[in-house]
Amino acid sequence: MDLQMETLKPVVVASKGNKFRRTFAKVLNIHKLTGVAPEEEMKKKKFDSKNAKLSESFYKLEEEYERTLTLEALLAKLFATVSSIKAGYAQLQHSQSPYDAIGIQKADNLVVSELKTLSELKQCFLKKQIDPNPERTLVLAEIQELRSLLKTYEIMGKKLESQYKLKDSETLFLGEKFEDLMKQNKLTEKRLNQSGQLCNPLDNLHLSALNPTHFVAYLNHTVKSTRGFVKLMIEQMKLAKWDISMAVNSIQPGVFYYKQDHKCFTFEHFVSNVMFEAFHLPHFSTSRSFKEKEKQSKTEREVFFERFKELRSMKAKDYLKARPKSRFARFCRIKFLQLIHPKMEEAFFGHLHLRNQVSAGEFPETSLCSGFLEMAKRVWLLHCLAFSFEREAEIFRVPKGCRFSEVYMRSVAEEALEEAEPRVAFTVVPGFKIGKALIQCEVYLSV
């Protein structure tokens, strides 16, 4: 009995194991038939689907990029062609004057050729013909456009050069014509002076017709005579071997001059200060008290205007001989001695005889004295004219360091106007105010 049972046990176990395997295989077959895949197979299918979508997006982006690049190449070629047409048109215009038949023909052929290219580009765009190599087209279009621009600028340069030559020749011609006219004017003026037919606007002037314009006209004459005297004084300094820079620095120290020639304005400033001192007082008189008035009486105005007409009709030297004790004679003596310092006189002439003669009321026949008397006469006449107005002319100067104002000032050096905030170094010629009329002063500006 025992032997039979031992042999039966393993047979039972084996049959149970086979049965389990068969059952498991059936389950697997059922899963396959019903479409339920294992987990690994599901992951693989998801990965393949994601890759397919990415590939499809990449292809779409690549197509979009190629389409954009093709359109950019077409536009670049379009602009390059337009630039070529502009260059051809510029060449066509340039060849018209002076007339160049070959240049006109070349320009015409270029324009026609580029217009054909434009037509071809239009057809390519409408038919959606794709450029096989857009990168190369972009580079070539850029080169073509740059060449066209360079050609256009070269033509413009030639045109400007020819215009410059034309203007230069016109300037030379006008300069020669101006010189001829100036010579003719001087000759005519000389003839009229000799015949006594030359008429000055101030000759027949009446007190009732006096206005600021007449004052400005005579101020210009005064400034001109002052600059003439300054020129004579500088020439005497050079003959005496004076250091001009040192003399200038002693009058106005620490001024920057844009040009060496501008140093003459310092001497003009000095002379104007002396000559126009006490200009606002009747007869330049500082010896007695004077009360300023808002308006001049008609009698006072008439007196000054008559003195203006009287002195204007005579030479200064003749007037001094006729009236050696007049206020004008006293004015000339005082101003000359103020201007010509004893050391200056001794350096110029080697003695002080001139000072002694002037103090005695005699002005010798020298270029310096003649220049001074002409200037003094002009200043005195301007003074008489200023007191002939109902509202007398007021004189003003601008202090050093003031900011430049175009309303009240006029710069004698144009270079200074290029500075950001130019400042007044000194007043060269004083300004005036007559009623509501303002006459600008002349100033030298510096940094």
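This is a predicted model: local features need pLDDT of at least 70, side-chain atom pairs count only at pLDDT 80 or more; totals for chains, interfaces and linings use all residues.
Biologist: Let's start with helix 7. How many residues does it have, and how far does it reach?

Modeller: Helix 7 covers residues 264-275, so to speak, with 12 residues, and it reaches 17 Å from its first C-alpha to its last, close to the 16 Å expected.

Biologist: Is helix 7 largely enclosed or open, and why?

Modeller: Largely enclosed by the rest of the structure, because nine of its 12 residues are buried. Among them are F265, H269 and M275.

Biologist: What covers those buried residues of helix 7?

Modeller: The cover includes helix 5, helix 6, helix 10 and helix 13, plus strand 3 and strand 6.

Biologist: OK, over to the surface. Which residues form the nonpolar patch?

Modeller: L71, L75, L78, F79, V82, F125 and L126, with about 630 Å² of accessible area together. Helix 2 and helix 3 each give two or more residues to the patch, and the largest share, five residues, comes from helix 2.

Biologist: What does L75 count as?

Modeller: L75, in helix 2, counts as partly exposed because its relative accessibility is 40%.

Biologist: Now rings. How many aromatic pairs are there in the whole structure?

Modeller: The search finds 26. One of them is F284 with F331, a tilted pair at 4.6 Å centre to centre, with 35 degrees between the planes. F284 sits in the loop between helix 7 and helix 8, while F331 is in helix 10, 47 residues apart.

Biologist: And why is the pair of F328 and F331 stacked?

Modeller: Their ring centres are 6.5 Å apart and their planes are at 25 degrees, so that pair is stacked. Both lie in helix 10, three residues apart, about one turn of the helix.

Technical notes: Residues are numbered from 1 along each chain as its sequence is written. Side-chain values use heavy atoms; hydrogens and water are left out. Helices (H or I, at least four residues) and strands (E, at least two) are DSSP runs, numbered from the N terminus. The expected span of a helix is 1.5 Å times one less than its number of residues. Buried means under 20% relative accessible area, exposed over 50%, partly exposed in between (1.4 Å probe, protein chains only). Contact means heavy atoms within 4.5 Å. Patches are made of residues with over 30% relative accessible area and no salt bridge: like charges are joined within 9 Å, nonpolar side chains (Val, Leu, Ile, Met, Phe, Trp, Tyr) within 5 Å. Accessible areas come from the Shrake-Rupley method with a 1.4 Å probe; for residues, only the protein chains shown count as cover. A salt bridge is a side-chain nitrogen of Lys or Arg within 4 Å of a carboxyl oxygen of Asp or Glu. Rings of Phe, Tyr and Trp (its six-membered ring) pair if their centres lie within 6.5 Å; planes under 30 degrees apart count as stacked, over 60 as edge-to-face and the rest as tilted.
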